[in-house]
Amino acid sequence: TTLREWATIWRDLYVGDKREMFNSVRDMIYDLIEWRSQILSGTLPQDELTELKQKVTSKIDYGNKYLDLDLVVRDKDGNILDPELTSTVSIFREHEAASKQIEDRIQEEKSQKQNIDLTRQAKFASTPAFALFVTLKNVVCKIGEDAEVLMSLYDPVESKFISENYLVKWSSSGLVKDIDQLHNLRAVFTDLGSEDLKREKISFVCQIVRVGRMELRDNNTKKLTSGLRRPFGVAVMDVTDIITGKMDDEDKQHFIPFQPVAGENDFLQTVINKVIAAKEVNHKGQGLWVTLKLLPGDIHQIRKDFPHLVDRSTAVARKMGFPEIIMPGDIRNDIYVTLVQGDFDKGSKTTPKNVEVTMSVYDEDGKKLENVIFPGAGDEGINEYKSVIYYQVKQPRWFETIKVAIPIEDVNRSHLRFTFRHRSSQDCEYKSQLLKNVFFR
């Protein structure tokens, strides 16, 4: 009877988006269902059965008080008092005793929560390093082709990314491309320090890049160029309260609304800043579902303290820069290359070119170094990186950051090669026209 009554209220809490109460009632309902199953099994000894019935009635009375429902008056065995057989004075006294007992329990739970919070604050105060643990639950977007989902931490005040990307490859069928990763899309953004906690704002930014044809509306009757990286949209969430520890609920799923680019030649960096400045996004139900939790310690400590969250399969996205305290044995030799912008003359063409930048790494003998370019954590190293293509834009602005991890003994003899090409929307014999080669040592 209690479960039926609570279920109606539980549904209303869901509809009203009262998430904290919804989760609390859910936990109480699950407890009651489990205990009811144990009672009905008939396998419990008499003393355990009596103890379990006390737990059930205590939970029911607590839940009724939490939901502001009528208090049920019971005897010492947990049975409801019959008003026909019990005097008014006795019912009143039992009512007072039951109310006091429930209030004491509410205060006890509040005290336990405060103690947990104090312990957590003390633990965070004693550690110089932090990490943001992120689980990608779902991407609800009508993309129509394969896509790359790039997640990173961003400082909106300074307009700069402060972490590497976490890269998830999403398929056109609406699932992660590597099906073995299904329900295991986890990343930890490490090396955050006290200076990061003092930042005025920190945003969690997701960029979605479509991989396929030049334009989605192109029909398939023509032979079209495929495999082009095209801007699709962004999703941004303010995570300042989570980073500073004001909000902490690893079970809470956050919906991050998706903002598509205006015409597939809108710069992703511009869209990010527009979304941050806007009060709300007209997402039409499209967006990302994620869970977020701040963890104390460096990556080694986190793996030790939180093995149920972070294991060897969890992607590690490091801060672009060293942590405030460099631990012994922490060796990094990463080069972060950011494609900022370019200016390309249209030449003999009547419209600006569709410029694609390809970056690769060569040694001084002209041999290409393999698997040293990392577009994002969670993905293997690649031989060359291809930029997003903005359609017929004379001065594209990419702001794409790629990590280059060259063995330390090879750094002084390595060069970055940037190749600029015009990419046609039709896959013909001359589908890409080489514009320029540039080398950097």
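Colleague: What stands opposite tyrosine 166 in β4?

Modeller: Methionine 151 does. Strands here are DSSP runs of E, at least two residues, numbered from the N terminus. This is a predicted model, where local features need pLDDT of at least 70, side-chain atom pairs count only at pLDDT 80 or more, and totals for chains, interfaces and linings use all residues. Residues are numbered from 1 along each chain as its sequence is written, and side-chain values use heavy atoms, with hydrogens and water left out.

Colleague: In which sense do β2 and β4 pair?

Modeller: Antiparallel, over five bridges. Pairing takes at least two DSSP bridges between two strands. β2 covers residues 146–155, and β4 covers 166–170.

Colleague: How many of the five residues in β4 are buried?

Modeller: Four. Buried means under 20% relative accessible area, exposed over 50%, partly exposed in between, with a 1.4 Å probe and protein chains only.

Colleague: New topic. How many salt bridges does the structure hold?

Modeller: 28. Each is a side-chain nitrogen of Lys or Arg within 4 Å of a carboxyl oxygen of Asp or Glu.

Colleague: Which residue forms one with arginine 213?

Modeller: Glutamate 145, with the closest N and O atoms 3.7 Å apart. Arginine 213 is in the loop between β6 and β7, and glutamate 145 is in the loop between β1 and β2, so the pair ties together parts 68 residues apart in sequence.

Colleague: Is arginine 213 buried or exposed?

Modeller: Buried, at 16% relative accessible area. Glutamate 145 is buried too, at 10%.

Colleague: And which residues are linked in a network of salt bridges?

Modeller: Glu164, Asp191, Arg318, Arg332, Asp334 and Lys403.
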